[in-house]
Amino acid sequence: MELYLLVKWLHIVSSTVLFGFGAGTAWYFWNAHLSGDPALIARVGRMVVRADWIFTGTSGLVQPVSGIALIHLTGYSLFEPWLIVTYGLYALAFLCWAPVVWLQIRAQRLAQEAADSGAPLGPEYRRTMRLWFLLGWPAFLGLMGVFWLMVARPMLW
């Protein structure tokens, strides 16, 4: 297989894993949260955190490496306007994702403490989940923008 096609395949697969696992883990964690059951939230939270580190985190590292390789292999300038906007949106998504993982860990631990003590979920848990929810949207929308830019490669300026 030609190097360009191999790198492009890797870039597409890793973007699929990044977006799919990001959206999938968010869906399951949010629905566990909606249950209000601390034991369920703690169990799902452990799986979500593990999946985010293994799949979302790994593919999040592969994306810029394979992206830069594709830029080099296709002869684009690193400073194409659509690429500059892509870098910004990807950075936004990462800057939201990093604290989201920490917030998932915090929410999972708070839920586990509540489950272990038989107490209801407290205000600290609710604040943690509210911030988790709010930070998830810019990450999601940022990646949607990246996908559009990769397909359209518009002339921006």
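This is a predicted model: local features need pLDDT of at least 70, side-chain atom pairs count only at pLDDT 80 or more; totals for chains, interfaces and linings use all residues.
Contact here means that heavy atoms lie within 4.5 Å of each other.

**Ser 15 and its surroundings**

Ser 15 is found in helix α1, which spans residues 3–35. Apart from neighbours within four places in sequence, Ser 15 is in contact with Gln 63 and Phe 147. The side chain of Ser 15 also reaches the backbone oxygen of Ile 12, at 2.8 Å. Ser 15 has a relative accessibility of 11% and therefore counts as buried, since the cut-off for that class is under 20%. Between Ser 15 and Ile 71 the separation is 56 residues in sequence and 16 Å in space, taken from C-alpha to C-alpha.

**The salt bridge**

The count of salt bridges comes to one. It is formed by the side chains of Arg 106 and Glu 124, with an N to O distance of 2.1 Å. This pair links distant parts of the chain: Arg 106 belongs to helix α3 (residues 81–117) and Glu 124 to helix α4 (residues 123–152), the two residues being 18 apart.

**Accessibility**

The relative accessibility of the residues discussed above is set out below.

| Residue | Relative accessibility | Class |
|---|---|---|
| Ser 15 | 11% | buried |
| Arg 106 | 25% | partly exposed |
| Glu 124 | 35% | partly exposed |

Arg 106, at 25%, is partly exposed, and Glu 124, at 35%, is likewise partly exposed, because that class covers values between the 20% and 50% limits.

Notes
Residues are numbered from 1 along each chain as its sequence is written. Side-chain values use heavy atoms; hydrogens and water are left out. A salt bridge is a side-chain nitrogen of Lys or Arg within 4 Å of a carboxyl oxygen of Asp or Glu. Helices (H or I, at least four residues) and strands (E, at least two) are DSSP runs, numbered from the N terminus. Buried means under 20% relative accessible area, exposed over 50%, partly exposed in between (1.4 Å probe, protein chains only). A polar contact is a pair of N or O atoms within 3.5 Å; within protein, one must be able to donate a hydrogen and the other to accept it, and residues adjacent in sequence count only if both atoms are side-chain atoms.
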